[in-house]
Amino acid sequence: MFSQGEQNRPSPALRLGNVMPLMIPAMFVVGAISQYVGASLGVGLFEELSPVAVAWLRGAGAGLILLLLLRPRRRDWSRARLRAAALFGTVTVAMNMAFYEAIDHIDLGTAVAIEFLGPIAVAVAGSRRAVDLIAAAAALAGVVCVAGVNVDGGGGSTGVIGIACALLAAALWAGYIVLGKRVADAGGGIEGLGVGLAAGALVLAIPGLGPDLATRPEAFLSWEVWVLGLGLGLLSSVIPYALDQVVLTRVGRERFALLLALLPVTATGVGAVMLGQRPGWLEGVGIALVVFAIALTSRRTPAPDERGVPGG
C-alpha cells in the first residue's frame, strides 16, 4: 500500500509533461546562445584574419564536422541534388561572410535585427493581410532606428559599411530560405546542410581566403586558427541546427517561428556580456520593433528546414 504522500505525488511522466513546455524555449535559447557566442568568438579572430576569412572557416568547419558525423553515401547524391546543395551552401557561406563583415563594424544585436529583414520579407511577400503590412512597416522602422544610431551616433562611414553588409546578409538569408526549402524537399535535412556547406566552402575558397593568404599567410600556420574555425562551425552552425530540429519535432512550425523573435534579443544579450556592446534607447527601440515584426509574421515564417541557421 502507498502512503498518502506517495499517492498524491505526481508520476514521473506527469512531472516531465509539466517541465517540457519550459524546456522547449530553453533549448531554443541555448541554441541561440551557442550561435551568437560563436559569433562573438569570431570577432576575437578578426585581429588575426579578416571577417570574410573567419566566416569561411566557420562554414568549412561546420561542413567538415557534419560530413564526419553523418558520412553521407555517394550513391544517394544525384547531380541535381548535389547542385542544389552546393548552391544552398554557397549562399549560406556568403551570407555568413556578409554577416561577419557587418559585426566588424556594428553591434551584434543590431546586425541580427537588420538581417531579419530577409526572412520577414519572405514571410510577407505577396501577402495582402493588414497584419503582414504592419509587420513590414515595423521592421523597416526598427532598421531605420538602429541604422540612424550607427550612422549619426558616431559610426559614420564605418556604420554605413556595417549596415550595408547586414542588408546584404538579409538578402542572402532570403535566398537561403528559398534554396533551403528545395534541399529540404529533396530529403536529408542536416545531411544536405553538411554537403552544402562543404561544397560552398570549396566554391568560395579563393574569395574567402585569397586576400588573407596574400597579405598575412603566417596566420594560417597557426594551429589555433584552424581549431577555432572548427569551434566556430560547431558552436554557430552544428549545435544550433541540431537543437532546432529537436525543438521542431516537439512544437509546430507556427510556435517555432514565434520563437525566432528571441534571436535578436539573445544576440543583444550576448553582445552586451561578451563584447561590451550595450544598445542605447533608440537602438533598443529599433530591435524591439524588429522583434514585434517577427512575432506578427510568425504564422508565415518558414520552419528550420526551410530557414536553416541564421547568418549569425
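Which side chains meet in a salt bridge at 3.2 Å, N to O? Select Asp212 and Arg216, whose side chains form this contact; a salt bridge here is a side-chain nitrogen of Lys or Arg within 4 Å of a carboxyl oxygen of Asp or Glu. The model is predicted: local features need pLDDT of at least 70 and side-chain atom pairs pLDDT 80 or more, while totals for chains, interfaces and linings use all residues. Residues are numbered from 1 along each chain as its sequence is written, and side-chain values use heavy atoms, leaving out hydrogens and water.

Asp212 counts as buried because its relative accessibility is 2%, whereas Arg216, at 24%, is partly exposed (buried is under 20% relative accessible area, exposed over 50%, partly exposed in between, with a 1.4 Å probe and protein chains only).

Next, select Arg81 and Glu191. Their side chains meet in a salt bridge at 3.8 Å, N to O. Arg81 belongs to helix H4 (residues 79-103) and Glu191 to helix H9 (residues 190-203), so the pair ties together parts that are 110 residues apart in sequence; helices are DSSP runs (H or I, at least four residues) numbered from the N terminus. Arg81 and Glu191 are both buried. The whole structure holds 2 salt bridges.

Then move to Phe220 and Trp226. Their rings form a tilted aromatic pair, 6.0 Å centre to centre with 50° between the planes (ring centres of Phe, Tyr and Trp, the last by its six-membered ring, lie within 6.5 Å; planes under 30 degrees apart are stacked, over 60 edge-to-face, the rest tilted). Phe220 is buried at 10% relative accessibility; Trp226 is partly exposed at 38%.

Note on methods
Helices (H or I, at least four residues) and strands (E, at least two) are DSSP runs, numbered from the N terminus.
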